[in-house]
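Open the model in your viewer and get ready to click through it. We'll go stop by stop, with something to select at each one.

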Amino acid sequence: MQTFSRVAPQQVLDWLNQQQPIQLLDTRDEQSFLAGHIENAVSLAQNGIAAVTDQLETDQPVVIYCYHGISSQQVAAYLCQLGFDDVYSMDGGFEHWRTMGPYIRGHE
């Protein structure tokens, strides 16, 4: 069975800056997502995992993030069980990301 990899936020930022095709999934609650998220990320709280997995491209990397990089690992493992090959959990989560990377700011 395929397993996910962990990825540093800086690597994700590099991929985005190089315009590499990646799919971003945000596992945080809807209010947190609306307060701020990485551009082009899809909220699992708003859409549900089943709806999101049906829309993911299987030939593109999937990066999952949460608050601190812990619970995103469960979602990453689940995607691997579904047969996705290129799956990453972002270390440090959104809390790390917002200290170093651009993001959409919502209404806090």
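What follows is a walk through the cores, a strand, a helix, the salt bridges and a couple of single residues. Keep in mind that this is a predicted model.

**Stop 1: the largest nonpolar core**

Select Val-12, Ile-38, Val-63, Met-90 and Trp-97. These have the most contacts inside the largest nonpolar core, which has 16 residues. Now colour α1 (9-17), β5 (62-65), β6 (87-90) and α6 (93-97), the elements that each give two or more residues to this core. Which of them gives the most? That's α1, with three residues.

Zoom in on Val-12 and show what surrounds it. Setting aside residues up to four places away in sequence, Val-12 touches Val-7, Ile-22, Leu-24, Val-63, Met-90 and Trp-97. Apart from this core there's another one, of 12 residues, and you can find it by selecting Val-52, Val-62, Ile-64 and Ala-76, which are among its members. As background, nonpolar side chains tend to be buried together in soluble globular proteins.

**Stop 2: strand β2**

Next, select residues 23-26, which make up strand β2. Is each face of the strand covered or open? Both are covered: Gln-23 and Leu-25 sit on one side, Leu-24 and Asp-26 on the other, and all of these are buried.

β2 runs parallel to β5, joined by four bridges, and Leu-25 stands opposite Ile-64 in β5. You've met Ile-64 already, as a member of the 12-residue core. β2 is also parallel to strand β4 (residues 42-43), with two bridges between them. On that side, look for Asp-26, whose bridge partner in β4 is Ser-43.

**Stop 3: helix α5**

Select residues 72-81 for helix α5, then show the side chains of Ser-72, Val-75, Ala-76, Leu-79 and Cys-80, which are buried. Why do they end up on the same side of α5? Because they cover an arc of only 145° around the axis. In general, an α-helix has 3.6 residues a turn, so residues three or four places apart point the same way.

Turn the view to the face of α5 pointing away from its buried side, and you'll find the exposed residues Gln-74 and Gln-81. Then go back to the buried side: its cover includes β2, α3 (44-47), α4 (49-55), β5 and β6. Before moving on, click Gly-83, which follows α5 and has a positive phi, near 105°.

**Stop 4: the salt bridges**

How many salt bridges does a search of the whole structure find? Three.

- Start with Arg-6 and Asp-91, whose closest N and O atoms are 2.8 Å apart. Arg-6 is in strand β1 (residues 5-7) and Asp-91 in the loop between β6 and α6, so this pair ties together parts that are 85 residues apart in sequence. Arg-6 counts as exposed, at 56% relative accessibility, while Asp-91 is partly exposed at 24%.
- Go on to Asp-26 and Arg-28, with closest N and O atoms 2.7 Å apart. Both of these residues are buried.
- Finish with Arg-98 and Glu-95, where the closest N and O atoms are 3.1 Å apart. Arg-98 is partly exposed, with a relative accessible area of 41%, and Glu-95 is partly exposed too, at 28%.

**Stop 5: His-37**

Select His-37 in strand β3 (residues 36-37). Is it buried or exposed? At 14% relative accessibility, His-37 counts as buried, the cut-off being under 20%. Look for the backbone oxygen of Phe-33, which lies 2.9 Å from a polar atom of the His-37 side chain. Beyond its neighbours within four places in sequence, His-37 is in contact with Asp-26, Arg-28, Tyr-65, Phe-94, Tyr-103 and Ile-104. Two of those, Asp-26 and Arg-28, are the salt-bridge pair from the last stop.

**Stop 6: Met-100**

For the last stop, pick Met-100, in the loop between α6 and β7 (104-105). Met-100 is partly exposed, with a relative accessible area of 28%. Which residues does Met-100 touch, not counting those up to four places away in sequence? They're Pro-9, Gln-10 and Leu-13. Draw a distance from Met-100 to Pro-9: their C-alpha atoms are separated by 8.3 Å, although the two residues are 91 residues apart along the chain.

Note on methods. Residues numbered from 1 in each chain as written. Predicted model: local features only at pLDDT ≥ 70, side-chain atom pairs only at ≥ 80, totals over all residues. Heavy atoms only, no water. Core = buried A, V, L, I, M, F, W, Y, C linked by side-chain atoms within 4.5 Å. Buried < 20%, exposed > 50% of the residue type's maximum accessible area, 1.4 Å probe, protein only. Contact = heavy atoms within 4.5 Å. Polar contact = N/O pair within 3.5 Å; in protein donor to acceptor, adjacent residues only side chain to side chain. Pairing = 2+ DSSP bridges. Arc of directions from axis to C-beta. Salt bridge = Lys/Arg side-chain N within 4 Å of Asp/Glu carboxyl O.
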